[in-house]
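Hi,

Here is the structure I promised to pass on. Have a look at it first, and my notes on its aromatic rings follow below.

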Amino acid sequence: MANEEATPEDLAQLLARLKDEYAVSESEIARRISVSAATVNNWVRRKRGTGRGPNPEKLKALHREFPKFSEDEIFAAAGRKTPGPLTPAAEERLLELFRGLTAEQQEIKELELRALNQYNRSALS
């Protein structure tokens, strides 16, 4: 039993628990997070499709629709780190800083942010 606890739960296992806890089908999960039933079925069968795994927005949607499962728990099961929170005040501060940059600096920062986001989408998936 100790070995079972040492093995982290994957997304397929989490979805099985979610289906039991909420008494929902894969089709209902898909409908509620705006993906195809085939997509959820691929997650359950551990098929990668595009190879990147679930989109972070879809993982967040799972939490919104099925709040008994934390965002951290869902992201961990998908093999990803949970994105940091962004309050409206923090978003406004970042935009204000960005607005103070030259066009060239804004372009560089946008490229850096895209690279970080791409890394986060592909890391551990």
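A charge sits over a ring if NZ of Lys or CZ of Arg is within 6 Å of the ring centre and within 35 degrees of the ring normal. Lys68 does this with Tyr22, lying over the ring face at 5.2 Å from the ring centre.

Before the rest, some background. This is a predicted model, in which local features need pLDDT of at least 70 and side-chain atom pairs count only at pLDDT 80 or more, while totals for chains, interfaces and linings use all residues. Residues are numbered from 1 along each chain as its sequence is written, and side-chain values use heavy atoms, leaving out hydrogens and water.

Searching the whole structure turned up two aromatic pairs (ring centres of Phe, Tyr or the six-membered ring of Trp within 6.5 Å; planes under 30 degrees apart are stacked, over 60 edge-to-face, the rest tilted).

Phe69 sits in the loop between α5 and α6, 47 residues from Tyr22.

How buried or exposed are they? Phe66 is buried at 0% relative accessible area, as is Phe69 at 3%, while Tyr22 is partly exposed at 21% (buried is under 20%, exposed over 50%, partly exposed in between, with a 1.4 Å probe and protein chains only). Together, Tyr22, Phe66 and Phe69 make one aromatic cluster.

Best wishes

How values were computed:
Helices (H or I, at least four residues) and strands (E, at least two) are DSSP runs, numbered from the N terminus.
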